[in-house]
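Good morning, colleagues. I would ask you to look at the sequence and the structure together while I speak.

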Amino acid sequence: MTSTGFVQPRRRRLQHHRQPRRRWLQNQRQPSLVGRKDELAHLEDALSMASMSQGNTVFVQGEAGIGKSKLIDEFKKVAGQHDFQILTGFATAETINPFHIFSDALDKVIDRPLFHEQERSSFAKIFAVNKAGLLVAEASPEEDEDLDSDIFASMLSAVQDFVRDSFDSSGEAKAGLGRLEYGDMTILIEHGEHIFVTAVFKSQEHPDMVKLLKETIVTIESQHSALLESWSGQMSDVAPIQADISKLAESRFLVRRELEGVKLENERIRISEQVTQTLAGLSSGQPLVLLLEDLHWADESSLFVLYYLARNIRDQKILLVGTIRPVKEAAVQQVISNMLDEGILTLMPLVALSSQDIRDLFDTLFPAHDFAPEFVENLVKKCEGNPFFLLELARSMVEDGSIAFEDGAWHLMNEDYTIPASVEDVVNRRLAGLETDAMAMSEFASCIGRIFQRIVALSFQSLTDTSQALDKLEDASILLPSNGTEEFSHAIIHDMIYEGMAERWKRAYHKSLGDYYGVAYKGKLNEVLYELARHYSKAGEAEKAFEYCFRAGEKAEGAFAAEQAIQYYGDALTFLSKLKSKAGAYAGEVEILERLGDIYSLTSDFEQAETHYGQALQATDEVRKKADFHRKIADVLIKAGDSQKGLEECDKGLVLLGDEDSVEKVRLQFVKGWSFSKTGEYDQAIQFFNAGFEASKKFRMEKEIGMAHHNLGTVHWYRADFDQALEHFEKALEIRQRINDVHGVAGTLMNTGTVWHFKGDLDKAFDFKMKAHDIYEKMGDQQGLATALNNIGIVFYDRGDLKECIKYYEESLRIRQKIGDRHGIATLMHNIGITKVEKGDVREALDYFNKGLEINIKTNSKHGMVYDHCSMAEALVDLGELDTAYENAVLARDIAEEIGAKGEGAWARRIIGMVYRETGEMDKAFEELEFARAFFEDSGEKEEIPKCYYELGLYWKARGDTDKARQNLEKALEMFREMELKLRVEAAEKALAGL
């Protein structure tokens, strides 16, 4: 549509209007806010609340161009006026850096890395032996404890035998690297002409270990061969060799973080807590705004931290503000849904501006003009409430002279001006007006990202004056400079430039950027692995893309950013498949497939884990490796609930290994034992745990020996063989403490405390559980700490100390709420409810049960539903509300039968029997109570057996049979006393006194 008839064109030379035009263009980089007064007022209210330690979270949501950035710019001014410090982080579409948005926000204000993404290993012991088998030098890392003297002596003996065997009858050393397995340690032995250098390590092997070992041999042989030939045995004579060995012992190697046994959620909670505490510290004096922009691009790791943070700033001087587009990504949608459900998020949608708002914005841009009303109305209509459309159109018209300033007013200079049909058309007009060098720079810059360091853009080699090209983009407000960085003025502009570029130029620019990072960060490539992976992938450089995607996956994995690691490893596999067709292509498919299996297992995606382990199994010819993949497949099958198939996989692995003992065989036996313990086949479980235990002793696998004792203790506990259980737990504890397996120590302490609890020694139960509590607290393991607090609360419950019991329960509940553990919250609601019943606060108890039930229904936790319905039913019996009690008990019974929870079903039937007794339906009451008693006696659930005798005692009392009543109540009393269940003892004594 044209503007014909609006005004007569002004036929004057435009150079007279350059100065007003330039001032207008500069001023309109920050136009006035129009039409968002209510939204700004809401954000100001949120600031006020945060200043009073009532932190909250607000997301500003709207389509691109709708005005989120302008609203946030105005909000930042207001926050500054209220003396808030402002931290800003951006998510980007270009990179998938784990936790990037928080690192971006916090790296500016903390003096240490927020996340440690990789681990380093070192040699545990280095020693040199001459060809006579004599020790020449030895060294250990300073921070590591020296090896046990007995272990070192026996290891040295084994190496000396190896050295003697390695020289032929002429005294010449045989070629090649020696390798010995010694317990959970690996020994590398490198030959020299006069000496062997031996390196011992327990951690994952790194390729550079062998390389440095060889280099050390070369150094010693080239510089000290004469000394070695004439050595008299005096250690002082070989001090130079000792110095070389000590230097080798100081070496550190970046290695893959060990994921087996890691709980992903625990690690992410730890990282989230670190972020929360950092922000809490920063806001303790001056209130703080954490502004997180473009959350629609946030990675899953950042979303986890975001959710955690929003839940835990409600008593802090922190306001969290995010900007986000309407999203389709499931992960982002789920987090928003959960936050809204918990009431910890205010979602503020920005809708299109009204026609009047657009007119007002136009008038602020051109406060004095003689534009025809029809032109303005047509403009307003075309913009459809999108302020970015209007701003870009106005800028374009001023730049190309279609609108000019003269005689104190703005005038339309071209009556045939056609208003573009869309935002894209407007931006394209602006870009078309750029000079060639500026346009080329804009394309190159778009490949870097929306926000980038200016120095990176200056690496563009196709231009003679890159700085001038950047300046032109700044003058055109395509780029906005700030302290050495450049930012595209709007995401729409960045996206249009990048998407509109020819593929061949994209590939060329990305390759150039990859090469730049490779040179600029030589010697410290780990800092830019994600950039290298992205640019070489986009460039289609298969060899380098494979290398850096693999390394980026490893880095993401080390940061517990599972989803990003999966993406990088997946990309590495894609590029590896392209390299396979070339001669000398990379090996590594098996390793990547295994790593993907490990990560999918970590995220509980057991189907994908099984698939990738299966592919790795097919891709390798190594028998031991195949056996280990069978073990890993078995492990995920058992976790997924298919123990039978898990056992079959174990057997396949064991068949491959045959009769020869090996580390892989030990681990298969343990998994098989674990599978049998999961299905309640305890004899078979003990058999395989014992077999693995004996073999692990042969290989001095201390970690596995400790695990074997722990597992055997657990099985004996399940069988109610409490004394044997304690013997195994004691041995497991001794080993785990010796090898510094802190998580293992805490787990064994907790289980030991539980066994003492079952034995009725509540003092010892408390002592062991408290020790576990202290370890979890020191480690910062929030899940473990919450579990320990809950279990300590149970000790106080059984002691009859309900005040202390509730104190521990409430502290556990506080942690569960902090970490967002809905299952744990439901459990604590249930436990607190039971305690309230014992205190006589039955109505309050029902409120807790209902809250727990509500959570269990939302999370579809049917076991939790059974517990809540049973406890509600028992409480309602106490209140005499028998109809409702019966309904809840029947519901519990039916759900228990549906999920095969026989013990919980028997509990429900005991309560149904209680209802029948109270309603006088005595035959039905006896049938239900007897069923429950018989089941619990057969299954050995000691705490439930006396409860059944107690209820049967009350049943016979109601029937008028005092002898049978006394007989049952006395049995109950004896068992309650044996287990030191004070409250139950009091109830039984009271019932007996009433006969």
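Leaving aside its neighbours within four places in sequence, which residues is Pro420 in contact with? Please bear in mind that this is a predicted model. The residues in contact with Pro420 are Lys382, Phe389, Leu393, Asp425, Val426 and Arg429. Pro420 itself sits in the loop that runs between β14 (409–412) and α14 (423–432). With a relative accessible area of 4%, Pro420 is buried.

I turn now to charged pairs. Side chains of opposite charge can pair when their charged atoms come close.

In the first, Asp635 pairs with Lys639, their closest N and O atoms being 3.1 Å apart. These two residues are four apart in helix α25 (residues 623–639), so about one helical turn separates them. Lys639 is partly exposed, at 42% relative accessible area.

Next, the side chains of Lys506 and Glu503 meet at 3.4 Å, N to O. Lys506 counts as buried at 7% relative accessibility, whereas Glu503 is partly exposed at 46%.

Finally, Asp471 and Arg454 form a salt bridge of 3.2 Å, N to O. This pair links distant parts of the chain, with Asp471 in helix α17 (residues 466–475) and Arg454 in helix α16 (residues 454–457), 17 residues apart. Asp471 is partly exposed, with a relative accessible area of 32%, while Arg454 counts as buried at 18%.

Note on methods. Residues are numbered from 1 along each chain as its sequence is written. This is a predicted model: local features need pLDDT of at least 70, side-chain atom pairs count only at pLDDT 80 or more; totals for chains, interfaces and linings use all residues. Side-chain values use heavy atoms; hydrogens and water are left out. Buried means under 20% relative accessible area, exposed over 50%, partly exposed in between (1.4 Å probe, protein chains only). Contact means heavy atoms within 4.5 Å. A salt bridge is a side-chain nitrogen of Lys or Arg within 4 Å of a carboxyl oxygen of Asp or Glu.
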